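Please open the structure in a viewer and keep the sequence at hand.

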Number of protein chains: 2
Amino acid sequence: MSEILVVGSLAYDSIQTPSGRADRALGGSANYFALAAALFAKVRVVGVVGEDYEQRDYDLLKNRGVDVSGLTKVPGKTFHWEGSYAGDMNEAKTLKTELNVFEHFNPELPENFKNSSFVFLANISPDLQLKVLEQVKSPKFVGLDTMNLWINIKKDDLLKVVSKVNMVLINEGEAKLLTGASNAISAAPLITELGPEVVIIKRGEYGFAMYSKKEGFFILPAMPIPQVVDPTGAGDSFAGGVFGFLASRTGEITISHIKQACLMGTMLASHTIQDFSVKALAQVTLAEVEKRLGEYKKIILH
Amino acid sequence: MSEILVVGSLAYDSIQTPSGRADRALGGSANYFALAAALFAKVRVVGVVGEDYEQRDYDLLKNRGVDVSGLTKVPGKTFHWEGSYAGDMNEAKTLKTELNVFEHFNPELPENFKNSSFVFLANISPDLQLKVLEQVKSPKFVGLDTMNLWINIKKDDLLKVVSKVNMVLINEGEAKLLTGASNAISAAPLITELGPEVVIIKRGEYGFAMYSKKEGFFILPAMPIPQVVDPTGAGDSFAGGVFGFLASRTGEITISHIKQACLMGTMLASHTIQDFSVKALAQVTLAEVEKRLGEYKKIILH
């Protein structure tokens with residue numbers, strides 16, 4: 001089994017959805033990713049938290065076997081995001097972003113993290129993503145996520161790091177913004193022309209469209225969930241499921257592995273959205289994920 | 001093989017999309033449905049056209065073996081719709097609706113149409129849908145489509161006809177409006193509670209979600225088409241593919257048949273959107289549809 005390094009945010013989120021609200025609940029891309037991936041493989045987290053970051057939130061990761069020795073606690077407060085969802089809940093409305101200690105995040109990998117085989121660069125500034133990547137000795141498989149902000153203000157850095165990764169995970173709106181394409185189907189091949197062999201376009205309640213240079217499209221819907229409580233973290237949980245599954249395989253990574261990994265990502269995302277924050281994700285077991293995968297396969301079986 | 005009766009609009013459409021425009025090009029739900037369904041089964045059309053309706057447009061249907069003896073030509077002009085699509089093209093903006101002869105459409109079935117086994121009530125006023133249904137002696141399988149307008153202004157009539165059909169085909173926004181649900185997944189079971197055994201929620205570029213009382217969900221994405229020229233008629237082509245395939249089977253209609261029918265509907269819709277008006281649909285052959293189905297199955301194969 002290989003180790004996965006994830007670098008991203010650890011946050012407290014205040015979220016309003018039609019189902020209710022959560023105040024200063026645990027969030028951040030690195031938390032969602034690590035909790036999902038750790039069901040399958042060893043995960044190492046690098047990130048920064050403030051003095052208010054609670055012991056129980058370290059313990060949540062530790063209890064799932066995540067190596068948290070790359071988390072740095074510095075003076076100040078933890079990153080805080082406030083957002084709300086309404087209607088179809090496909091997009092969050094950001095009400096407040098308090099970067100706090102995240103503003104001066106400068107990722108330094110612990111020496112023993114530098115041999116990680118799998119690397120996931122969650123949505124942070126592309127120059128920091130590059131800096132992380134330079135510290136990893138010889139990664140086997142690297143993926144990244146990004147957001148509109150970096151496409152708009154740091155596109156050159158972003159294109160540089162995109163050219164160095166194996167897989168881009170990105171949502172539909174970002175894929176269109178990055179490429180100028182009018183839909184996900186025309187955007188996907190353009191993204192692989194930037195370097196990566198594989199792109200996964202995340203489509204929220206509609207699932208995903210994966211495209212590989214080698215074998216073209218693989219497209220499937222989301223798991224049908226009648227009551228979506230809080231969609232925050234669905235994309236990072238998906239990524240965690242993908243990387244966790246890939247890291248649990250041996251030998252070369254094939255498109256067939258990536259397809260199975262996308263199914264796992266779909267399952268993890270479907271658990272995350274059933275409760276606020278990381279609540280559902282932190283409790284789910286691999287057996288429950290596999291049981292749901294069986295149900296999912298019947299739904300898409302033709 | 002069984003006969004399919006379709007009642008709906010025959011129209012001339014003026015359409016603007018990012019790919020260009022078409023002026024007074026052939027359209028209407030009955031035309032799209034009939035051209036698609038006629039690849040698989042005998043189709044009978046009931047509708048009304050104006051004095052401007054061209055002989056070549058009758059011939060288009062006749063050449064595919066469609067029985068057009070239920071089309072009535074009356075004084076006045078054919079229904080004319082003007083619309084435009086922009087951005088992701090998931091929704092048309094209606095610029096003008098000239099009902100013309102369609103305003104006083106009063107569907108009377110020719111005597112020899114009354115024994116039709118399959119009936120598709122395309123999007124017309126629900127009281128007319130009821131009137132059609134009352135004229136069919138003992139249909140084996142009936143489906144309907146509708147639109148926001150009827151949900152808003154003729155909901156009682158609509159619920160009455162919905163309670164009498166086997167299948168509702170409806171788009172996602174309409175499904176939410178009809179049920180008050182916030183997403184397609186919670187809307188679908190509520191629609192079957194109104195009477196039909198099966199509902200198919202059409203999701204445009206994201207495909208469809210079929211739900212049956214018996215077996216729950218069957219959900220798949222659309223065929224990936226990089227350049228969507230004109231999405232008009234995609235939903236009616238989908239319905240035509242579904243009904244055509246079902247009518248080409250013998251014996252009882254099973255959920256397995258309906259699943260295969262949804263795949264055919266997906267293929268027909270994907271051809272329609274590749275050109276303006278009915279151009280691509282009118283030219284496609286069953287062999288081409290089946291070839292594309294083979295490609296599609298690889299895209300969703302896990």
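Select E82(B) and K96(B): in this predicted model, the two residues form a salt bridge, with their closest N and O atoms 3.8 Å apart. A salt bridge here is a side-chain nitrogen of Lys or Arg within 4 Å of a carboxyl oxygen of Asp or Glu. The pair links distant parts of the chain, E82(B) lying in strand 6 (residues 79–84) of chain B and K96(B) in strand 7 (residues 93–98) of chain B, 14 residues apart. Helices (H or I, at least four residues) and strands (E, at least two) are DSSP runs, numbered from the N terminus. K96(B) counts as partly exposed because its relative accessibility is 39%; buried means under 20% relative accessible area, exposed over 50%, and partly exposed in between (1.4 Å probe, protein chains only).

Two conventions apply throughout. Residues are numbered from 1 along each chain as its sequence is written, and chains are lettered from A and ligands numbered from 1 in the order in which they are written. Because the model is predicted, local features need pLDDT of at least 70 and side-chain atom pairs count only at pLDDT 80 or more, while totals for chains, interfaces and linings use all residues; side-chain values use heavy atoms, with hydrogens and water left out.

**Further salt bridges, chain A**

Over all chains, the structure holds 20 salt bridges. Next, select E54(A), R56(A) and D57(A), which are joined into one network by salt bridges that share partners.

Move to K131(A) and E108(A), whose side chains meet in a salt bridge (3.4 Å, N to O). This pair also links distant parts of the chain: K131(A) is in helix 3 (residues 126–135) of chain A, and E108(A) is in the loop between strand 7 (93–98) and strand 8 (118–121) of chain A, 23 residues apart. K131(A) is partly exposed, with a relative accessible area of 24%.

Then select R21(A) and D23(A), where the side chains meet in a salt bridge at 2.8 Å, N to O. Of the two partners, D23(A) counts as exposed at 52% relative accessibility, and R21(A) counts as partly exposed at 42%.

**Around A22(A)**

Select A22(A), found in strand 3 (residues 20–27) of chain A. Is A22(A) buried or exposed? At 10% relative accessibility, A22(A) counts as buried. Not counting residues up to four places away in sequence, A22(A) touches D13(A), S14(A), I15(A) and F276(A), contact meaning heavy atoms within 4.5 Å.

**Two helix pairs**

Select helix 6 (residues 172–179) and helix 7 (residues 184–192) of chain A. Their axes come within 9 Å and cross at roughly 60°; axes are lines fitted to C-alpha atoms, for helices over the stretch in contact, and angles run from 0 to 180 degrees between N-to-C directions. Helix 6 and helix 7 of chain A are therefore oblique to each other. The contact is made by E172(A), A175(A), L178(A) and T179(A) of helix 6 and A184(A), A187(A), L190(A) and I191(A) of helix 7.

Turn to chain B and select helix 9 (residues 255–272) and helix 11 (residues 286–299), whose axes come within 10 Å and cross at roughly 110°. Helix 9 and helix 11 of chain B are therefore roughly perpendicular to each other. Angles under 35 degrees count as roughly parallel, over 145 as roughly antiparallel, 65 to 115 as roughly perpendicular and the rest as oblique. Residues in this contact include L263(B) and M267(B) of helix 9 and V289(B) and L293(B) of helix 11.

Select S277(A), in the loop between helix 9 and helix 10 (279–283) of chain A. Its phi is near 55°, a positive value in a residue other than glycine, and S277(A) counts as buried at 7% relative accessibility.

In chain B, select N100(B), in the loop between strand 7 and strand 8 (118–121). Phi of N100(B) is near 50°, a positive value in a residue other than glycine, and N100(B) counts as partly exposed at 30% relative accessibility.

Finally, select E252(A), placed in the loop between helix 8 (234–248) and helix 9 (255–272) of chain A. E252(A) is exposed, with a relative accessible area of 64%. Which separations relate E252(A) to K140(A)? E252(A) and K140(A) are 112 residues apart in sequence and 9.2 Å apart in space, C-alpha to C-alpha.
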